[in-house]
Amino acid sequence: MQSFLPIAYFQNQFVPLGEANISIATHALHYGTGALGGLRGIPHPQDSQQILLFRLDRHCQRLSHSARFLHYDLPADKIQSVIVEFVKRNQPTASFYIRPFVYTSGLGIAPRLHSIEKDLFVYGLELQDYLSAEGVSCRISSWYRQEDRSMPLRGKISAAYITSALAKTEAVESGFDEAILLNSQGKVSEASGMNIFIVRNEKLITPGFDQDILEGITRDSVIKIARDLEIETIERPVDRTELLIADEVFLCGTAAKIVPVKRLENYQLSPQNKITQKLQEKLIAITEGREPKYQDWVYSIAIS
């Protein structure tokens, strides 16, 4: 059982998690007309009365943008105020994950976005490592990443995650930890719920926005950190074969943070992950509030 935080935000109020229930006739449940967010928080390592949230403003902004695809005007500052109060009421004592979700909350059977109620709920759970920090094995999925012309991939639309679910289960049931999806052009896109980077000849390379990827916030953070460390960073199409000959491969996302890929299909990748490890260490230091240069990435909440 997951260790859920006791208080949720539901229908414009804070209630015990067990009381935050939707009807089986809820529109979004039938049509995937929702959009999700996700951000991490930790108690401050030196002050248990402070909670640190990583890039809260960017997460709220992205969810607000995602809500637009659902014809829902939900300002980022409204989302942020709800999340801050959510944290204060729950007073978490361990590393945790927050899931805000916007959705068509009305009851009905016609697939549409007009003339139907929308709403926001927020819940959370304690979460340590989503994937092993030591490394994961991956397979190339038989499922392809959707195209932006058929689905708004710059939003975290819940319906899109059926592909992620299919790919993840296919990977696990065939003996791997994670799946890597190609796009319709046969280029590398992303993992089931994470962005992907490779290292070749001391250069950091990742698929660009034109490769049908999610505009990941951790991805954006990694690029900024790498450039600050004077690691040449390139956004371009990546071929499947490049994964097999890369010096390093890693995945990144809010839940996963940075995780090296140690095996791809039947190929063992190099155990030397110098650049991946450097980025891992820097990202952890930032999220723990130990890097003054990035202090604007960390939002502190007093819970005393």
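The legends below describe close-up views of a predicted model. As a predicted model, it is treated with a pLDDT of at least 70 for local features and 80 or more for side-chain atom pairs, while totals for chains, interfaces and linings use all residues. Residues are numbered from 1 along each chain as its sequence is written, and side-chain values use heavy atoms, without hydrogens and water.

View 1. The largest pocket holds about 790 Å³ of space. A pocket is found on a 1 Å grid over the protein atoms alone, as an open set of points where a 1.4 Å probe fits, with protein on both sides within 12 Å along at least five of seven lines; lining residues have an atom within 4 Å of a point. Grid points are joined across faces, edges and corners, and a volume is the space filled by probe spheres set on the points. Tyr-97, Arg-99, Tyr-130, Tyr-161 and Gly-193 are the closest to the centre among the 33 lining residues. Two or more lining residues come from each of β6 (96-104), β7 (118-126), α4 (161-173), α5 (217-228) and β14 (248-253). Helices (H or I, at least four residues) and strands (E, at least two) are DSSP runs, numbered from the N terminus. With five residues, α4 supplies the largest share of this lining. By class there are 15 nonpolar, eleven polar and seven charged residues. Here Ala, Val, Leu, Ile, Met, Phe, Trp, Tyr, Cys and Pro count as nonpolar, Asp, Glu, Lys and Arg as charged, and the others, Gly among them, as polar.

**View 2. Lining of the second largest pocket.** This pocket has a volume of about 430 Å³. Its lining has 24 residues, and Arg-40, Lys-257, Leu-283, Ile-284 and Thr-287 lie nearest the centre. The elements giving two or more residues are β4 (39-44), β5 (47-54), β15 (257-264) and α7 (274-287). The most, four residues, come from α7. The lining divides into 13 nonpolar, seven polar and four charged residues.

**View 3. The β6 and β7 pair.** Strands β6 and β7 run antiparallel and are joined by nine bridges; two strands pair if DSSP finds at least two bridges between them. Thr-104 is placed opposite Lys-118 of β7. Seven of the nine residues of β7 are buried, so β7 is largely enclosed by the rest of the structure. Buried means under 20% relative accessible area, exposed over 50%, and partly exposed in between, with a 1.4 Å probe and protein chains only.

**View 4. The largest nonpolar core.** This core has 27 residues, of which Leu-53, Ile-83, Val-87, Ile-98, Val-102 and Leu-120 touch the most other members. A nonpolar core is a set of buried Ala, Val, Leu, Ile, Met, Phe, Trp, Tyr and Cys residues joined through side-chain atoms within 4.5 Å. Two or more members come from each of β5, α2 (56-69), α3 (76-90), β6 and β7, with the largest share, six residues, from α3. Beyond four places in sequence, the contacts of Ile-98 include Leu-53, Ile-83, Phe-86, Val-87 and Val-122, where contact means heavy atoms within 4.5 Å.

**View 5. Strands around β15.** Strand β8 (residues 136-144) pairs with β15 in the parallel sense over three bridges, and Cys-138 stands opposite Leu-264. Strands β14 and β15 run antiparallel with four bridges and form a hairpin with three residues between them. In this pair Cys-252 stands opposite Ile-258. Strand β16 (residues 267-268) pairs with β15 in the antiparallel sense over two bridges, with Arg-263 opposite Gln-268. The hairpin of β15 and β16 has two residues between the strands, and Glu-265 takes a positive phi near 50 degrees.

View 6. Ser-48 lies in strand β5 and is exposed, with a relative accessible area of 52%. Gly-108 lies in the loop between β6 and β7 and is partly exposed, at 21% relative accessibility. Gly-108 and His-30, 78 residues apart in sequence, have a C-alpha to C-alpha separation of 9.2 Å.
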